[in-house]
Amino acid sequence: DNQVDFLKAYEMLSEAQFLELMRMASEEGLMVTGHIPLSMDLFSAVEAGLNGMEHLRNFEMSIATNSQELLRERLSILENPDSLSGAELRSSLHAKQRMDAIKMIDSTLLSQATKLLAQNSVWQTPTLALYNNFATREFLTENQLAELKKLPTSLAEQWRMSMEPMRNMDINPNADIAVYNRWMKEMVRYLHANNVPFMAGTDTPIGYLIPGQSLHKELELLVESGFSNEHALRAATINPATFLGVEEETGQIKVGYNADLVLLKGNPLQNISFTQQIHAVIKNGTFWSVSELDSMLIR
């Protein structure tokens with residue numbers, strides 16, 4: 001009744017809550033994407049009907065050699081005897097299990113999980129730009145700081161203030177974040193090579209990721225992770241339209257389709273970074289030149 005397109009499952013759902021969500025979605029003909037609940041594993045979540053996953057969240061815990069032991073430990077901790085907030089509780093579980101899990105990946109479980117994802121067309125939106133930004137602190141470079149002008153003034157100032165201590169201190173990225181970032185790229189490469197479907201997204205504005213600009217970065221990271229330029233472009237156009245069930249009206253340059261276009265100066269099939277060489281944008285039938293778009297940024 002509220003024109004909902006799909007549902008997103010949060011990782012703090014109990015198994016009973018998740019299964020009820022899946023039942024409701026099936027009844028209403030809605031897709032469900034999101035996180036594998038910490039109370040479950042990938043196999044049970046997908047078999048219950050999960051249609052998509054964001055950030056590969058909790059994937060590693062389901063394919064570790066000791067995955068069943070990890071699940072039992074999570075269920076015990078999720079009883080939450082210390083009455084932690086949901087954010088504190090999930091962060092403690094990530095800290096306790098994530099890095100150990102990626103050191104103990106079971107190749108048989110990885111293969112089984114990958115086949116299940118491919119057979120059930122469980123769409124992946126890995127948000128590589130998010131992990132890359134945390135790992136490299138790229139948001140502190142001068143080029144990225146200049147991009148803050150594309151944000152609403154109040155948000156840009158808020159981000160500048162929170163970044164300032166990091167700019168003035170010699171802070172090295174956490175080594176675990178860098179290791180996890182590399183592992184994410186390896187998993188994306190493996191899953192893509194084994195016919196698991198992908199979409200491009202960044203989870204902006206989390207992690208100082210700027211809307212629009214961060215999507216271009218995501219395409220570059222997908223190519224770094226084994227995608228052809230064409231497959232990266234599909235992940236940002238045709239594939240999301242297919243997931244949302246609107247592939248007959250948008251996602252392609254085709255007669256009768258929505259004609260929102262980004263016109264480029266270079267061919268992104270030759271170099272994926274050419275998606276950033278923008279000549280103009282056509283939105284809702286209006287042509288916007290680069291100079292017109294840039295004029296919106298003048299304060």
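## Packing of α4 against α5

In this predicted model, the residues Leu70, Glu73, Arg74 and Ile77 of helix α4 are in contact with Leu89, Leu93, Lys96, Gln97 and Ala101 of helix α5. Sorted by class, the residues that form this contact are five nonpolar, one polar and three charged.

Two packed helices are described by the angle between their axes and the distance between the axes. For α4, which spans residues 67-77, and α5, which spans residues 86-102, the axes come within 11 Å and cross at roughly 165 degrees. The crossing in which α4 passes α5 is right-handed.

## Packing of α11 against α12

On the α11 side the contact is made by Leu219, Leu222 and Val223, while α12 contributes Asn229, Ala232, Leu233, Ala235 and Ala236. By class, this contact between α11 and α12 contains seven nonpolar residues and one polar residue, with no charged residues.

## Arg234 in α12

Helix α12 covers residues 229-236, and Arg234 has its place within this helix. With a relative accessible area of 32%, Arg234 is partly exposed, because that class lies between the limits of 20% for buried and 50% for exposed residues.

When residues up to four places away in sequence are not counted, Arg234 touches Asn239 and Pro240. Along the chain, Arg234 and Ala200 are 34 residues apart, and their C-alpha atoms are separated by 8.6 Å.

## Val290 in α14

Val290 belongs to helix α14, which is made up of residues 290-295. The relative accessibility of Val290 is 28%, and on this value the residue counts as partly exposed.

Leaving aside neighbours within four places in sequence, the residues in contact with Val290 are Ile278, His279 and Ala280. As for its placement relative to Asn271, which is 19 residues apart from Val290 along the chain, the C-alpha atoms of the two residues are separated by 20 Å.

Terms used:
Residues numbered from 1 in each chain as written. Predicted model: local features only at pLDDT ≥ 70, side-chain atom pairs only at ≥ 80, totals over all residues. Heavy atoms only, no water. Axes fitted to C-alpha atoms, helices over the stretch in contact; angles between N-to-C directions. Helix = DSSP H or I, 4+ residues; strand = E, 2+ residues; numbered from the N terminus. Left-handed = near helix turned anticlockwise from the far one by under 90°. Contact = heavy atoms within 4.5 Å. Nonpolar A, V, L, I, M, F, W, Y, C, P; charged D, E, K, R; others polar. Buried < 20%, exposed > 50% of the residue type's maximum accessible area, 1.4 Å probe, protein only.
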